[in-house]
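These are my notebook entries on a single model. I set down what I looked up, entry by entry.

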Amino acid sequence: MQKCPLLGMWALSRTVKGVNEIIAKASGTAAITRLKEDESQRTLLYTERGEMIQKRDQNLKIPFFKTYYLLLPAESKYEEDTAGKGKIDFLPLKIYFTRDQQGAELKSVTEGSHYVTFEDEAVESKGERNSKDVQQYLSTEHLCGEDRYTAKLQINSDGRFLTECIVKGPKKDLVIESEYASSES
């Protein structure tokens, strides 16, 4: 078993799209670190920070900071074949908020509110799914008020992973695309 390729430091690039246009771009860093491991699950901590620039005011840089708990089954694994191509087996991957709705820090996952679970491997995706160099996973839905969030996670064998979060609601129609490139050598 090898080190899980999601662990480490990442350069983060994000695009927020409205109906027909890019409304914001962000860049920064993300870190995924081990927090706790026991017989039933592995808990990782995801931390991101950076700056966002909105299209309407490109002179204003808005700082952002966010953390999540990532829960993987204890039996999750990462294996490489003889060609060095990796395959992750970690479903279900559960993601939890680390803060409550008032912004207070939650000390454990059991206190945290559930965000999404990646539980299904995607069966189609712009022709790339047939490549064994790409793994894609679809999330469950997350309702926040009247807004519905769904996500897709794509893990590439070239050391990158991507997420796409789709937000639909009475006042929201967004696609948030994030790309993570390893910043470790």
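Which residue in β12 is the bridge partner of Leu153? I find that it is Thr163.

**Basis.** I work from a predicted model, in which local features need pLDDT of at least 70 and side-chain atom pairs count only at pLDDT 80 or more, while totals for chains, interfaces and linings use all residues. Residues are numbered from 1 along each chain as its sequence is written, and side-chain values use heavy atoms, with hydrogens and water left out.

**Strand β11 and its partners.** I take helices (H or I, at least four residues) and strands (E, at least two) as DSSP runs numbered from the N terminus, and I call two strands paired if DSSP finds at least two bridges between them. Strand β12 (residues 160–168) runs antiparallel to β11, with eight bridges joining them. The two form a hairpin with three residues between them, and Gly159 in the turn has a positive phi of about 90 degrees.

I then turned to the other partners of β11. Strand β10 (residues 142–144) is antiparallel to β11 and joined to it by three bridges; Cys144 stands opposite Asp147. This hairpin has two residues between the strands, and Gly145 takes a positive phi near 65 degrees. Strand β9 (residues 134–139) also pairs with β11 in the antiparallel sense, over five bridges, and I note Val134 opposite Asn156.

For burial I use relative accessible area: buried is under 20%, exposed over 50%, and partly exposed in between (1.4 Å probe, protein chains only). Of the ten residues of β11 (residues 147–156), seven are buried, so the strand is largely enclosed by the rest of the structure.

**Aromatic pairs.** I pair rings of Phe, Tyr and Trp (its six-membered ring) if their centres lie within 6.5 Å; planes under 30 degrees apart count as stacked, over 60 as edge-to-face and the rest as tilted. The count by this rule is eight aromatic pairs. Tyr68 and Phe97 have ring centres 5.9 Å apart and planes at 40 degrees, so I record the pair as tilted. It links distant parts of the chain, with Tyr68 in strand β4 (residues 57–73) and Phe97 in strand β7 (residues 93–97), 29 residues apart. Tyr68 is buried at 16%, and Phe97 at 17%.

Phe97 also forms a tilted pair with Tyr115, at 4.9 Å centre to centre and 50 degrees between the planes. Tyr115 lies in strand β8 (residues 114–121) and Phe97 in β7, so this pair ties together parts 18 residues apart in sequence. Ring pairs link Trp10, Tyr46, Tyr68, Phe97, Tyr115, Tyr149, Phe161 and Tyr180 into a cluster.

**Salt bridges.** My criterion is a side-chain nitrogen of Lys or Arg within 4 Å of a carboxyl oxygen of Asp or Glu. I find seven in the structure. One of them joins Glu48 to Arg14, with the closest N and O atoms 2.8 Å apart. Glu48 lies in strand β3 (residues 41–54) and Arg14 in strand β1 (residues 8–17), so parts 34 residues apart in sequence are tied together. Both residues are buried.

Lys172 and Asp147 meet in another, at 3.3 Å, N to O. Lys172 lies in the loop between β12 and β13 and Asp147 in β11, so the pair ties together parts 25 residues apart in sequence. Lys172 is partly exposed at 32%, whereas Asp147 is buried at 12%.

**Cysteines.** I searched the whole structure for disulfides (cysteine sulfur atoms within 2.5 Å) and found zero. Cys144 is partly exposed at 40%; Cys165 is buried at 12%.
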